[in-house]
Amino acid sequence: GDAQQRGISTFMAEMLEASSILQSATKRSLIIIDELGRGTSTFDGFGLAWAISEYIVRNVGCMTLFATHFHELTAMEGKKKGVKNYHVTAHKAPGSNVLTFLYEVKPGPCLESFGI
């Protein structure tokens with residue numbers, strides 16, 4: 001999180017964490033990133049998420065789990081070797097607001113965001 005009393009905003013904390021990950025990761029690392037770019041505007045957040053994930057693919061080459069709400073990032077699968085999209089499944093009952101998480105991981109991008 002942030003540390004406002006020390007002058008570290010949410011965005012700065014996120015960038016410091018990302019920098020630390022990129023500087024210390026090796027091919028044998030497992031990187032887990034959740035919602036990178038949340039402290040920015042949509043376009044800035046997407047740009048950061050794309051650049052950081054591309055850097056990991058090109059320069060680090062380790063296993064990475066990158067959870068994001070930027071659906072555009074799923075296009076990287078067709079552009080970068082070794083990138084695969086997966087999503088966690090959910091079932092939305094037709095004609096209702098009932099959402100059931102199925103706790104299954106399946107190949108491909110998520111086609112819908114539930115904003116939860």
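**Reading the model**

Trainee: Is L30 buried or exposed, and what is its relative accessible area?
Mentor: Buried means under 20% relative accessible area, exposed means over 50%, and partly exposed lies in between, with a 1.4 Å probe and protein chains only. L30 lies in strand β1, where helices (H or I, at least four residues) and strands (E, at least two) are DSSP runs numbered from the N terminus. By these cut-offs L30 is exposed, with a relative accessible area of 60%.

Trainee: Which element of the protein chain has the lowest mean pLDDT?
Mentor: Where pLDDT is low, the predicted coordinates should not be read in detail. Among the elements, β1 has the highest mean, at 95. The lowest mean, 90, belongs to strand β3, residues 86-92.

Trainee: Which residues form the nonpolar patch on the surface?
Mentor: A patch is made of residues with over 30% relative accessible area and no salt bridge, like charges being joined within 9 Å and nonpolar side chains (Val, Leu, Ile, Met, Phe, Trp, Tyr) within 5 Å. Accessible areas come from the Shrake-Rupley method with a 1.4 Å probe, and for residues only the protein chains shown count as cover. Strands β1 (30-34) and β2 (63-67) each supply at least two residues of this patch. Together its members have about 480 Å² of accessible area, and they are L30, I32, M63 and L65.

Trainee: How many salt bridges does a search of the whole structure find?
Mentor: Side chains of opposite charge can pair when their charged atoms come close. Here a salt bridge is a side-chain nitrogen of Lys or Arg within 4 Å of a carboxyl oxygen of Asp or Glu. One of them joins E104 and K106, at 3.9 Å from N to O. The count for the whole structure is 3.

Trainee: How far apart are the closest N and O atoms of E54 and K80?
Mentor: E54, which is found in helix α2 (residues 42-60), is buried at 18% relative accessible area, and K80 also counts as buried, at 17%. E54 touches M76 and K80, not counting residues up to four places away in sequence, where contact means heavy atoms within 4.5 Å. The closest N and O atoms of the E54 and K80 salt bridge are separated by 2.9 Å. This pair links distant parts of the chain, 26 residues apart, with K80 in the loop between β2 and β3, and the distance asked for is 2.9 Å.

Trainee: How many disulfides does the count come to?
Mentor: A disulfide is a pair of cysteine sulfur atoms within 2.5 Å. C62 is buried, with a relative accessible area of 10%, whereas C110 is partly exposed, at 31%. By the distance rule, the count of disulfides is 0.

Trainee: What is the phi of E35?
Mentor: Most residues other than glycine have a negative phi, and most peptide bonds are trans. E35, in the loop between β1 and α2, is partly exposed at 25% and touches E14, A67, T68 and H69, not counting residues up to four places away in sequence. Although E35 is not a glycine, its phi is positive, at about 55°.

Note on methods. Residues are numbered from 1 along each chain as its sequence is written. This is a predicted model: local features need pLDDT of at least 70, side-chain atom pairs count only at pLDDT 80 or more; totals for chains, interfaces and linings use all residues. Side-chain values use heavy atoms; hydrogens and water are left out. pLDDT is the predictor's confidence in each residue, from 0 to 100.
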